[in-house]
Amino acid sequence: MNKQELIGKLNEDLAGELSAMIQYITYAAKVTGPYRPQLQSFFLSEVSDEQGHAQLLADKIVAMGGEPTTIPRPVAETGSNKEMLTAILEAERRAIGDYTERSRQADEFGEKGLSVQLDDIIRDETTHAEEVELILRDWPLS
């Protein structure tokens with residue numbers, strides 16, 4: 001992998017983080033029912049983590065001589081709270097896989113610092129996924 005390919009992959013990750021921020025903010029607005037306050041609070045609490053990840057990626061892309069994307073990945077359309085949670089879980093799992101691959105690629109490219117930073121993001125995304133899995137475990141509503 002060369003520098004431009006790594007920058008391209010980091011931009012794909014940045015698009016995912018931009019999408020995650022939009023997803024959490026939009027879903028916080030759309031959530032309904034008796035669990036609205038708790039779910040809205042949960043969704044909004046995740047935005048700052050995703051914003052931090054996006055900023056780290058954008059900074060690294062610029063430091064490597066690239067241009068950070070401003071175009072997010074599409075956000076899954078949902079019709080219920082459970083669909084929102086399921087879409088978030090899928091996005092978090094994708095992020096874990098993407099960042100695991102990216103950490104390896106960064107390390108192979110000689111960007112050890114970036115690899116460690118990506119490992120930190122993997123930790124955050126894993127925690128997010130585990131929280132959503134726990135919420136969904138005994139979800140009483142469809």
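Predicted model: local features only at pLDDT ≥ 70, side-chain atom pairs only at ≥ 80, totals over all residues.
Just after helix α3, Gly110 takes a positive phi of about 100°.

- Helix α3 covers residues 81-109, which is 29 residues.
- From its first C-alpha to its last, α3 reaches 41 Å, close to the 42 Å expected at 1.5 Å a residue.
- Arg102 has its place in helix α3.
- Arg102 has a relative accessible area of 2%, and because buried means under 20%, Arg102 is buried.
- The side chain of Arg102 makes a polar contact with the side chain of Asp13, at 2.7 Å.
- Arg102 and Lys3 are 99 residues apart along the chain, and their C-alpha atoms are separated by 13 Å.

**Packing of α1 with α2**

- Two packed helices are described by the angle between their axes and the distance between the axes.
- Helix α1 spans residues 3-30 and helix α2 spans residues 36-63.
- The two helices, α1 and α2, pack at an angle of about 160°, and their axes are 8 Å apart.
- Angles over 145 degrees count as roughly antiparallel, so α1 is roughly antiparallel to α2.
- The crossing of α1 and α2 is left-handed.
- In the contact of α1 with α2, the residues divide into 17 nonpolar, four polar and seven charged.

- Ile25 is found in helix α1.
- With a relative accessibility of 46%, Ile25 counts as partly exposed, because that class lies between the 20% limit for buried and the 50% limit for exposed.
- Ile25 and Val47 are 22 residues apart along the chain, with their C-alpha atoms separated by 7.2 Å.
- Ser45 lies in helix α2.
- Ser45 also counts as partly exposed, at 39% relative accessibility.
- The C-alpha atoms of Ser45 and Leu89 are separated by 15 Å, and these residues are 44 apart along the chain.

**Packing of α2 with α4**

- Helix α4 covers residues 112-137.
- The axes of α2 and α4 come within 11 Å and cross at roughly 165°.
- That angle makes α2 roughly antiparallel to α4.
- The crossing of α2 and α4 is left-handed.

**Packing of α1 with α4**

- The axes of α1 and α4 are 14 Å apart, and the two helices pack at an angle of about 30°.
- Angles under 35 degrees count as roughly parallel, so α1 is roughly parallel to α4.
- α1 passes α4 in a left-handed crossing.

**His128 in α4**

- His128 has its place in helix α4.
- At 3% relative accessibility, His128 counts as buried.
- His128 and Gly33 are 95 residues apart along the chain, and their C-alpha atoms are separated by 22 Å.

Conventions. Residues numbered from 1 in each chain as written. Heavy atoms only, no water. Helix = DSSP H or I, 4+ residues; strand = E, 2+ residues; numbered from the N terminus. Expected span 1.5 Å × (residues − 1). Axes fitted to C-alpha atoms, helices over the stretch in contact; angles between N-to-C directions. Parallel < 35°, antiparallel > 145°, perpendicular 65-115°, else oblique. Left-handed = near helix turned anticlockwise from the far one by under 90°. Nonpolar A, V, L, I, M, F, W, Y, C, P; charged D, E, K, R; others polar. Buried < 20%, exposed > 50% of the residue type's maximum accessible area, 1.4 Å probe, protein only. Polar contact = N/O pair within 3.5 Å; in protein donor to acceptor, adjacent residues only side chain to side chain.
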